[in-house]
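Here are my notes on the model you sent over.

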Amino acid sequence: MTLIRTVAPAIAELSSDLSVHPEVLITPSGARLHVFQNSVQPVIRIEFVFKGGKWYQPFPGVASLTAKMLKEGTLHHSAKQIADITDFYGASLEVSHGFDRTTVTLYCLSKFLPDLLPLTFEIIEQPSFPQEEFDLLKQRIIQSLAVDKQKNSYLSTETFTTAIYGKGHPYATFTSEEEVAAVQKESLASFHQKAYNYSTAEVFITGDINNQAFSAILEKLNASSSQTLEEPLIAAKALSPRLIIDPTSNQMQAAIRVGKSIIKPTHPDYPALYLLNHTLGGYFGSRLMKNIREEKGYTYGVYSSLSQKEHDSLFSLGTDIKGDKIEETLEEISKELDKLKQEEVTEEELTTVKKHLAGKFLSDHATLFDKMDKYKSNVLLRLPADFYTNLLKEIQSLSADQLKEAAKNYLSEEDFFKVVTGGTPKG
């Protein structure tokens with residue numbers, strides 16, 4: 001067979017089912033267990049997902065500090081001992097927190113699971129919140145915030161999310177050093193007792209698990225706390241859409257954020273919006289990248305994205321640019337938005353973007369753990385297990401006219417918040 005290097009290889013049509021369908025068990029306590037058993041490799045990942053994110057915290061900083069303190073010591077082990085045990089078994093034991101949830105994840109060889117499960121349960125159930133480690137953690141966070149608040153990109157996102165949701169809203173990224181300093185250890189213990197409750201947990205098991213370990217997990221999930229976490233009533237208090245100029249000492253660079261709260265994935269127009277976003281700024285070959293990066297040279301990168309949370313969806317466009325190119329960049333962004341509303345995407349570009357998305361979807365579902373990640377996202381966002389499979393099918397059937405219609409409906413600049421931080425605005 002002769003290899004002809006001047007001819008690109010054919011792109012295979014997408015035919016894969018991206019979804020997984022784990023076994024779902026609802027325990028007597030109310031916890032849900034999602035089990036995707038696979039013994040091809042002797043590894044396992046267990047994720048305990050709790051309602052421990054910012055959405056549920058009583059005071060600013062409580063959720064993140066509680067999550068960060070789980071591995072800083074328990075009633076039986078110090079932070080060093082926890083790290084040493086995890087390293088000895090070549091395992092990974094991590095705690096991650098977000099806007100809605102907190103996740104405790106154990107990843108290890110399946111033969112070591114009986115040795116590591118008790119430590120995982122101990123971190124979840126019996127953190128000691130040692131005062132010295134708590135004080136040091138707050139100092140580190142305050143120092144990190146002081147550094148971050150010197151960065152235009154950080155400040156721009158902070159101002160942008162606060163404008164959309166309102167100051168104090170869980171989805172606003174604003175955090176002050178004073179808020180962190182004011183958090184008391186007692187608040188963490190109280191929040192932990194209510195939030196880290198197995199009765200409201202979602203547990204995801206992926207990989208090679210045996211009956212003994214499975215029974216141990218089931219036994220724990222049936223032990224629930226007497227305290228429960230109430231669902232808070234939170235309403236966004238946004239500003240009116242407008243341009244916000246936020247000067248800083250860094251005039252050499254500027255950060256721009258543009259966007260608004262937008263439709264959720266369950267909306268029938270979401271596939272068109274998803275494809276539209278990818279065309280605009282969702283990958284390296286997007287219109288924004290070609291214009292503002294490659295042609296104008298104002299930035300190293302510019303993007304647009306759709307981010308999903310349990311109680312809202314956000315469309316955002318962002319870039320960090322040369323400080324003297326603010327007006328020019330905003331003008332080019334407006335041009336690209338107008339083009340999508342006024343002109344149909346060419347068949348060639350539409351095919352390219354669809355193919356790129358198909359490849360991205362396959363890449364995002366390449367491994368067993370990747371597929372379980374998407375399944376977990378679907379569960380938490382209350383979407384069907386085959387959401388991404390159906391989304392990609394619908395995207396492949398969209399026309400240029402449908403894309404133009406979506407642009408008219410959802411990319412109106414009158415509805416957008418625009419934030420410019422730093423740089424040297426003209427006039």
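1. Bear in mind that this is a predicted model. Let's begin with the helices around the largest pocket: α1 (62-69), α4 (131-148), α5 (152-165) and α6 (177-182) each put at least two residues into its lining.

2. As for the pocket itself, its volume comes out at about 800 Å³. It is lined by 35 residues, and those closest to the centre are K54, A172, T173, F174 and T175. Sorted by class, that lining has 16 nonpolar, 13 polar and 6 charged residues.

3. Next, the second largest pocket, with a volume of about 590 Å³. Here 30 residues form the lining, and Q308, D373, S377, L381 and Y388 are the closest to the centre. Two or more lining residues come from each of β4 (92-97), α9 (270-281), β9 (299-309), α12 (347-364), α13 (368-380) and α14 (387-396). The largest share belongs to β9, which gives 5 residues.

4. Now have a look at strand β6 (residues 202-207). Is it enclosed or open? Largely enclosed by the rest of the structure, because 6 of its 6 residues are buried, where buried means under 20% relative accessible area.

5. Who are the neighbours of β6? Strand β2 (residues 32-37) pairs with β6 in the parallel sense, over 6 bridges, and L33 sits opposite V203 of β6. Strand β3 (residues 43-50) also pairs with β6 over 6 bridges, but in the antiparallel sense; there, I44 has G207 of β6 as its bridge partner.

Terms used: Residues numbered from 1 in each chain as written. Predicted model: local features only at pLDDT ≥ 70, side-chain atom pairs only at ≥ 80, totals over all residues. Heavy atoms only, no water. Buried < 20%, exposed > 50% of the residue type's maximum accessible area, 1.4 Å probe, protein only. Helix = DSSP H or I, 4+ residues; strand = E, 2+ residues; numbered from the N terminus. Pairing = 2+ DSSP bridges. 1 Å grid on protein atoms, 1.4 Å probe; cavity = no way out; pocket = protein on both sides within 12 Å on 5 of 7 lines; lining within 4 Å. Points joined across faces, edges and corners; volume = space filled by probe spheres on them. Nonpolar A, V, L, I, M, F, W, Y, C, P; charged D, E, K, R; others polar.
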